[in-house]
Amino acid sequence: MALLRSTVARLLGRGAQQRGPEQQPPLVGFVVHGAGGVHPASAHIRVTGRMSALAASGAARVAQVDPVRWADGSDTAHLDAILVQRDAFPFGSLDAAFARASAEGTRIVAEVDDDFFTAEARARLARAEYDPERLASVDRLVRAAAAVVVSTEPLRAVLAAQGIDAVVVPNGVQPGLWAHDPVVPAAAGPRRVLYMGSATHGGDLDLLRDVFDGLVDDDGRPVRLEVVGVTQDDGDAWYDRLELPEGASHYPQFVAFLRDHADRWSAGVAPLTDDRFNDAKSDLKFLEYSMLGLPFVGSDRPSYAGVAAHGGLLAGDRADDWRAALRTAFHDPDTRVRRAQAYVRAERVVASGRDEPGERAWRAALGLA
């Protein structure tokens with residue numbers, strides 16, 4: 001039987017012998033894709049960073065959990081709570097997991113940061129990477145969880161329309177990953193503007209096609225868009241692509257890659273088409289570009305409402321709107337970036353010891369408040 005016990009269970013046993021069970025803080029498990037510290041970007045941003053901060057605070061012990069082994073009981077560790085991100089719990093094991101949670105008093109918490117519920121959003125996700133079983137896993141989890149955590153108020157409203165209560169925990173950044181002074185881009189050659197993102201943003205990229213067609217700055221210097229990720233379709237390459245080296249899809253290495261190349265770019269852009277899926281997204285790109293040291297230009301959509309108060313620039317869908325915003329971003333970028341970074345460091349950082357509404361809501365969802 002000892003061989004069947006998970007690492008979590010073995011650690012729990014050692015801690016109980018050393019300190020006594022009455023002294024043990026709650027044990028919180030989490031289920032995300034990936035293992036050994038190598039996870040998708042969303043897991044680092046939404047889950048593992050917060051779990052690390054939670055453990056550092058001493059308020060709980062945390063451990064990644066194998067969902068299938070926990071559901072079938074071969075992992076014998078008793079969890080006070082278990083947080084599951086998106087579809088990381090296989091659909092076929094969810095019924096067993098909820099049965100065990102009910103029997104043992106484990107609080108299951110769902111964490112989602114995209115619209116998985118409207119028909120339009122589900123069609124978009126299906127085109128990108130989500131098969132029907134992955135979508136069904138998210139739906140089953142969210143509807144049966146004791147608490148649901150989302151990243152934005154519009155996404156909370158989407159779930160509310162489905163009869164699901166949720167709490168909003170805004171995205172934050174881990175300062176050790178991103179700390180960077182405002183960049184001073186190279187003066188020679190064309191100006192480059194960065195657009196980075198996942199495969200769900202391929203349609204958003206098309207908003208910028210006419211923007212960069214013959215674009216020059218106020219000094220007549222050509223301006224080129226440089227894409228990292230976003231789409232695999234470079235058929236009529238009206239933009240440049242900066243390829244990621246092997247291993248750089250791992251989020252901390254991806255951030256390190258961007259930092260190593262930050263002086264290539266004069267701004268970072270975040271286009272969003274006018275649809276319900278995008279309206280539920282967060283302002284994460286604003287946080288990331290700002291901490292990379294770049295002035296931010298994004299679509300004037302609900303996702304970026306409020307960033308103008310912190311140095312960001314917003315543009316409508318017309319090419320002229322984007323061109324004007326980009327030219328503004330090229331002037332005095334240092335002031336804009338420092339203003340944005342001051343906001344991020346003050347209000348949007350994930351770190352141990354911070355007492356903010358989002359952090360309090362997150363702990364309450366886990367049953368730790």
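Trainee: Where is the place of S266?

Mentor: S266 belongs to strand β10; strands here are DSSP runs of E with at least two residues, helices are runs of H or I with at least four, and both are numbered from the N terminus. This is a predicted model, in which local features need pLDDT of at least 70 and side-chain atom pairs count only at pLDDT 80 or more, while totals for chains, interfaces and linings use all residues. Residues are numbered from 1 along each chain as its sequence is written, and side-chain values use heavy atoms, with hydrogens and water left out.

Trainee: Why does S266 count as buried?

Mentor: Buried means under 20% relative accessible area, exposed means over 50%, and partly exposed is in between (1.4 Å probe, protein chains only). S266 has 7% relative accessibility, so it counts as buried.

Trainee: Why is the pair R224 and D240 called a salt bridge?

Mentor: A salt bridge needs a side-chain nitrogen of Lys or Arg within 4 Å of a carboxyl oxygen of Asp or Glu. The closest N and O atoms of R224 and D240 are 2.9 Å apart, so the pair qualifies. It links distant parts of the chain, with R224 in strand β8 and D240 in strand β9, 16 residues apart.

Trainee: What about R348 and D283?

Mentor: Their closest N and O atoms are 2.8 Å apart, and they form a salt bridge. R348 is in the loop between α14 and α15, and D283 in the loop between α11 and α12, 65 residues apart. R348 is buried because its relative accessible area is 10%, and D283 counts as buried at 13%.

Trainee: How many salt bridges are found in the whole structure?

Mentor: The search finds 22. One of them joins the side chains of R86 and D114 at 3.4 Å, N to O. R86 lies in the loop between β3 and α4 and D114 in the loop between β4 and α5, so the pair ties together parts that are 28 residues apart in sequence. R86 and D114 are both buried.

Trainee: Which residues of helix α10 are buried, and how do you know that they line one face?

Mentor: Y251, F254, V255, F257 and L258 are buried.

Trainee: What makes a nonpolar core, and how many residues has the largest one?

Mentor: A core is a set of buried Ala, Val, Leu, Ile, Met, Phe, Trp, Tyr and Cys residues joined through side-chain atoms within 4.5 Å. The largest has 53 residues, and those with the most contacts inside it include L258 and F212. Helix α12 gives the largest share, six residues. Apart from this core lies another, of 36 residues, among them L79 and I108.
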